[in-house]
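The following paragraphs lead the reader through a structure, beginning with a metal site and moving on to pairs of charged side chains.

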Amino acid sequence: MNAAASPTPADLVITPRDRRFGRDAAARRWWLEGDPYGSAVYNALSATFPLGEAFFVESVRAFRDGADPRLAAEIKAFTTQEVMHSREHVVFNRQAEAAGYDLSRLEERVKARLAEVRTKPPIIRLAITMALEHYTAILAHQLLADPRHLAKAEPEAAGLWRWHSIEEIEHKGVAYDTWLHATRDWPRFKRWAVKARVMTIVTRNFLVERTRGALDLLAQDGITGPRAWIGLFAHAFVRPGMFRKVFGGWASFFLPGFHPWNHDNRHLIEG
Ligand SMILES: [Fe+2]
Ligand SMILES: [Fe+2]
């Protein structure tokens, strides 16, 4: 991929910020507004990060050969950022365990999913990464654009999620540009067809598996059945309604000519 052909802003600098969170904070079960549902959604997501982000890194780096110097530098910075995110989410996850949660089933499901996707060809693994990086980018955008999401969170936890969100926005074009580079000889329709199909499957698995994870955590709080489902649904789609709000961003992925940087949201990460 010729860097000049990518909508990634020419003056974008990906800056890994080596931050640490929650080392001295007391473990708290419902760290988000004292709300079991919101805490379960974020905890279920966090349980996937250490293994998931390692997979993203290996999937992108498999295609760095022949990348122009700019993309090569972006892949390097992306790698550093993701490795640090994993390090901090390991701490966050251990805090959840210290607060009494058993994350082992959630982590086993991530391992099983990754074992399955590692049987796929490298280009499909890159497409899966690109789809999940789009998820992290649209969730990160919403988290930073609307301060209410984390307004009543424990300060160290809020700091972790804001920091992670900033860096996800900053590197949101890296997997995509690597995909454009890796598929530079493909016809446009084939590119679109593969990425649309992969996004559809990833969406189904992401929603089903994260919901299962959140329900598992809620069951550990003694919240089961319709109460758990209604609480989760209300958190995700009504208030604060993260998944309702990211729908437009998610759908934009299917538009011809889509690129993460067609939407320049750097105002959220400056300063
Ligand atoms: Fe990350
Ligand atoms: Fe990322």
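**The metal site and the salt bridges**

E82 is buried, with a relative accessible area of 1%, where buried means under 20% relative accessible area, exposed over 50% and partly exposed in between (1.4 Å probe, protein chains only). E133 is likewise buried, at a relative accessible area of 1%. The model is predicted: local features need pLDDT of at least 70, side-chain atom pairs count only at pLDDT 80 or more, and totals for chains, interfaces and linings use all residues. Residues are numbered from 1 along each chain as its sequence is written, chains are lettered from A and ligands numbered from 1 in the order in which they are written, and side-chain values use heavy atoms, with hydrogens and water left out.

Both of these glutamates take part in a metal site. The iron ion (ligand 2) is coordinated at 2.0 to 2.6 Å by E82 (OE), E133 (OE), E133 (OE), E168 (OE), E168 (OE) and H171 (NE2). Donors here are N, O and S atoms within 2.8 Å of the metal (3.2 Å for Na, K and Ca); water is not among the atoms, so sites may look incomplete. Along the sequence, the donor residues follow the spacing E-x50-E-x34-E-x2-H. E82 also bridges the iron ion (ligand 2) and the iron ion (ligand 1), which lie 3.7 Å apart. Helices (H or I, at least four residues) are DSSP runs, numbered from the N terminus.

Attention now turns to charged pairs. Side chains of opposite charge can pair when their charged atoms come close. With a salt bridge defined as a side-chain nitrogen of Lys or Arg within 4 Å of a carboxyl oxygen of Asp or Glu, the count comes to 23 salt bridges. In one of them, R105 pairs with D216, the closest N and O atoms being 2.7 Å apart. This pair links helix α3 (residues 104-117), which holds R105, to helix α7 (residues 188-220), which holds D216, across 111 residues. R105 is partly exposed at 37% relative accessibility, whereas D216 is buried at 10%.

R113 and E209 also meet in a salt bridge (2.4 Å, N to O). R113 lies in helix α3 and E209 in helix α7, so this pair ties together parts that are 96 residues apart in sequence. Both residues belong to a network of salt bridges that links R113, E116, K120, E209 and R210.

Conventions. Helix = DSSP H or I, 4+ residues; strand = E, 2+ residues; numbered from the N terminus.
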